[in-house]
There are 2 protein chains.
Amino acid sequence: MPVASEKRIVAPKRLLYGPGPSEVDPRAYEAMTQPVTGIRDPFFLELISEIQSGLRQVFGTKNPKTFPLPASGSGAMEAAIANFVQPGMKFAVFANGHFSNRIAAMGERQRATVAKLDTKWGEVFTKDEAREFIDRERPQVVAFVQGETSTGTYQSGKPIAEAARDAGALVMADCVTTLGAMPVELDSLGVDVAFSCSQKGLSCPAGMSAITVSPRAWKILEERAEEPFTWYLDLRLLAKYYEPPHVYHHTPSPPLYYALHQGLAVIEEEGLANRWERHRRAHNRLIAGLERLGFEPLVKNPADRLWHVTTVTPPAGVDEARLRQRLLDEHDIEIAGGLGELTGKILRIGTMGPLATDENIDLFLAALERCL
Amino acid sequence: MPVASEKRIVAPKRLLYGPGPSEVDPRAYEAMTQPVTGIRDPFFLELISEIQSGLRQVFGTKNPKTFPLPASGSGAMEAAIANFVQPGMKFAVFANGHFSNRIAAMGERQRATVAKLDTKWGEVFTKDEAREFIDRERPQVVAFVQGETSTGTYQSGKPIAEAARDAGALVMADCVTTLGAMPVELDSLGVDVAFSCSQKGLSCPAGMSAITVSPRAWKILEERAEEPFTWYLDLRLLAKYYEPPHVYHHTPSPPLYYALHQGLAVIEEEGLANRWERHRRAHNRLIAGLERLGFEPLVKNPADRLWHVTTVTPPAGVDEARLRQRLLDEHDIEIAGGLGELTGKILRIGTMGPLATDENIDLFLAALERCL
């Protein structure tokens, strides 16, 4: 270890204009310095129950089974799939980006029969496509991504959820990117299982995530005959910690819980709808500025765009990797390039939480212009 | 969320004399307030590489494949088992406590054939027992727990590792409790796969863990035909992030990495052997004090005792649950009771990191005496 003898960490202060991790709210940083307690300390158990209430609010659900998970957003994705997608089941995945493909890959790992409906990256699914696919495949579980971080698309999922419920399937939504930033509203959509992360719309550090499960989905889980392959992410075991008598399962991370508590409190104080609207306004300002500079939105239909992850192709002759490097080197600004088939082709610009203000949009656009 | 309108978190300052989570080093708290960076920020990648060096030191290994995991210690346990214990394999587990049983349960989840050798809780295995069991079972993978947090036993694992290697089996060690606090020394023992956590001997908050894999074990992993059930804890995918070109897998948690970096730096500054010796001295002082107060060690052979998790049965007539509650209520001191078959029968007292000093042992003993 080269960094020895009392050398402290001094991290550079970047401005995280990427698709996540996003800027952490100052209240979340502050909370992490609060003392760690034991995992069944009365204080900690009360804090967890407040976090669960906060999560229900941002998920838009009354599901009693709503709790944090000791893993990143991808771990939460795995928890959803490993518990509800059983070997041999038909699992239908709406695939319009990198993370939908990850869902399908995880389904295959569970030895399910995965049926994928692919569409062009940067697009979402129509009502007819959703119904036709589900009626054809007759799956037991249907999954879609509400906010595709890899392409910048948003779909509420309502037509998918309706078609899936009509076909008697469980509905699973990836809300990793949408939670806390855009409308999620699971109960009104009819989503059964949804998961998210801490480091995007909730303005917290990564390392934790959350899941919510509808009563009808939980009943299926309780009746599941064979144990899932995973012990660590077995929701039936995990739930026992979040309810009296709080049976020990794993050791949770108090600093991350403290941060999540504050991230949720900050959202409640602003008001969830106000926060959505702030992201929407910031996005419109950003898109207008980017178009002025010659960037072109990847997502053609404005209604299908995420408000806090904006995806654009750079003007002709602009090397996206070099542009990102200059932003980092000269302005301490991090943005991201494309993933998978969009590698080298697009930029992904996140304007979440503290960054979704006129001032911070203008700051970013000015820096971008100087780097062009 | 009842805690609203600008209400900050004020956590009680407990003294964590339990078997983990343990007291967090002040340097680790301080580090968590450093700004979060992106996951491929040059600063962050350099920090990770320093963490990997530090982990190799505490694990006592030269294994290039040594890296953090985005999960708690139980998640690291699952990573080890889900990658190396394949369906249908014979998996031999030395079972002398709650966590060895957890290993066996996880092996069953992987659809392996699990062979358990049980011994009395509070004891470890003899050389002859180890060899006889392995020679009889002819397993492909053998697992043991170096420090059984549930009983307070320590076994280096040398006889187990020797017998396993002679039989051509992979050797897996649970170092969740030992790492950073007691001799681990994997390379000299001949251990192939070992895992640990952050919140015990490393004096960091929970939420992260670490794994190390020997070159011969990694070769087996590379040749593994079928993908593991887990995507999130698939070591082949994870390793790609820790090596150039640092392929994105999941979003790591910078504050936990910063804390881990400082936890490892603090150990390096003290010197690993000095730290072990400090734990040993503190343990001897604690045991002497406990015996004076009428407590009886659960682990009869002093050589088999953990130096930083001391397990005792209380004097006749003392209600262990009430004693723990008084310690918490009157002295803000947390200790733990027994797990599984030892529930209600023993106390588990952790004296890790900052607590392993004469002063802190005496402080604890004085508080305990007042609560009797």
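Guide: Here are some questions about the terms, each answered from this predicted model.

Visitor: How do you know that the same surface serves both copies?

Guide: Check the residues: 100% of the contact residues of chain B recur in chain A. The contact takes 69 residues from chain B and 69 residues from chain A.

Visitor: Which elements of chain B give two or more residues to the side that touches chain A?

Guide: They are helix 1 (26-32), helix 2 (42-59), helix 3 (73-84), helix 4 (98-109) and helix 10 (254-270) of chain B. Helix 10 of chain B gives the most, with 10 residues. Sorted by class, the side of chain B that touches chain A has 34 nonpolar, 23 polar and 12 charged residues.

Visitor: Where does A:Pro35 sit, and which residues is A:Pro35 in contact with, leaving aside its neighbours within four places in sequence?

Guide: Look in the loop between helix 1 (26-31) and helix 2 of chain A. Apart from those sequence neighbours, A:Pro35 is in contact with B:Ala11, B:Lys13 and B:Arg14. For that to count as contact, the C-beta atoms must lie within 7 Å.

Visitor: What makes strand 8 of chain B mostly covered?

Guide: In strand 8 (residues 170-174) of chain B, 5 of its 5 residues are buried. B:Leu170, B:Met172 and B:Asp174 point one way, B:Val171 and B:Ala173 point the other way, and all are buried.

Visitor: How do you know that strand 8 of chain B pairs with strand 5 and with strand 9 of chain B?

Guide: Count bridges: two strands pair if there are at least two between them. Strand 5 (residues 141-145) and strand 8 of chain B have 5 bridges, in the parallel sense. Strand 8 and strand 9 (residues 193-197) of chain B have 3 bridges, parallel again. Both counts reach the cut-off of two, so both are pairs. To see this in the model, find B:Ala143 opposite B:Met172, and B:Asp174 opposite B:Phe195.

Visitor: Why are strand 11 and strand 14 of chain B said to stand at the edges?

Guide: They belong to an open sheet of 4 strands in the order 11-12-15-14 in chain B, with antiparallel pairing. Strand 11 (296-297) and strand 14 (336-337) of chain B each have a single partner strand, so one side of each is left without a neighbour in the sheet. Inside that order, strand 12 (residues 309-313) and strand 15 (residues 347-350) of chain B pair over 4 bridges in the antiparallel sense, with B:Val309 opposite B:Gly350. Helix 11 (residues 272-292) of chain B lies across strand 11, strand 12 and strand 15, running at about 10° to strand 12 of chain B.

Visitor: And in chain A, how do you know that strand 11 pairs with strand 12?

Guide: The cut-off is at least two bridges, and 2 bridges join strand 11 to strand 12 (residues 309-313) of chain A, so they count as a pair. The two strands run antiparallel, and the bridge partner of A:Pro297 is A:Val312 in strand 12 of chain A.

Visitor: Last one: what are the domains of chain A, and how far apart do their C-alpha centres lie?

Guide: Chain A is divided into domain 1 (26-267) and domain 2 (271-371). Their C-alpha centres lie 26 Å apart. Each domain of chain A gives 22 residues to the contact.

Note on methods: Residues are numbered from 1 along each chain as its sequence is written. Chains are lettered from A and ligands numbered from 1 in the order in which they are written. This is a predicted model: local features need pLDDT of at least 70, side-chain atom pairs count only at pLDDT 80 or more; totals for chains, interfaces and linings use all residues. Two residues are in contact if their C-beta atoms, placed from the backbone, lie within 7 Å. Ala, Val, Leu, Ile, Met, Phe, Trp, Tyr, Cys and Pro count as nonpolar, Asp, Glu, Lys and Arg as charged, and the others, Gly among them, as polar. Domain bounds come from an automatic or database domain assignment. Axes are lines fitted to C-alpha atoms, for helices over the stretch in contact, and angles run from 0 to 180 degrees between N-to-C directions. A residue is buried if 20 or more other C-beta atoms lie within 10 Å of its own, exposed if 12 or fewer, and partly exposed in between; C-beta atoms are placed from the backbone.
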